Amino acid sequence: MSAAPLVLLVHGPNLNLLGERRPDVYGRDGLPAIEADVAAAANARGATVLGFQSNHEGALVDFLHEHRRRAAGVLLNAGALTHTSVALRDAIEAIAPPVVEVHLSNVHARESFRRRSLIAAVCAGQVAGLGRAGYAVAANLLLDRLGAPPARASGATLAP
Ligand code: DQA
């Protein structure tokens, strides 16, 4: 049997403070809750997750490089580096695994500087504004793209 696909869950600056930083914008849940959501979504489809958070641009670039060959895909909330980092954009472009950009808040409805993403053009897609729930959405979109099997059927039926 081949190894379970590996999804990298990567968070940039200040996202270690989730739960206490602007809960009105980013919610009351911390990073461990988000990591658990993504792990549950991925595990249900036969994938595993490796989480990483750093406040340092170079550490994020190094992490993507280090795991580029064994990762099947990446979920990335680059935080403020989304709007500023050419280095992160180039790293995403340089690696083979598809990257889905995730934001808790609706960056398009906030300050004008948050509407510009330097990484969007090299990402497979973007999920923004769905809060914590957006991560499971993004994980499933990524796993669809990777050809992972659907989660076990729930037995749900439509009304007749
Ligand atoms: C964020 C949006 C960014 O503009 C901000 O700098 C963050 C969080 C989000 O998840 O909504 O740190 O990426």
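Analyst: A polar contact here is a pair of N or O atoms within 3.5 Å; within protein, one must be able to donate a hydrogen and the other to accept it, and residues adjacent in sequence count only if both atoms are side-chain atoms. This is a predicted model, where local features need pLDDT of at least 70 and side-chain atom pairs pLDDT 80 or more, while totals for chains, interfaces and linings use all residues. Residues are numbered from 1 along each chain as its sequence is written, and side-chain values use heavy atoms, without hydrogens and water.

User: Which side chains have a polar atom at 3.0 Å or 2.7 Å from an oxygen atom of the ligand?

Analyst: For Arg21 the distance is 3.0 Å, and for His83 it is 2.7 Å. Both pairs are within 3.5 Å and therefore count as well. The protein covers 99% of the 320 Å² of accessible area that the ligand has on its own (Shrake-Rupley method, 1.4 Å probe).

User: Why is Asn14 called partly exposed?

Analyst: Its relative accessibility is 35%; buried means under 20% and exposed over 50%, with a 1.4 Å probe and protein chains only, so Asn14 falls in between.
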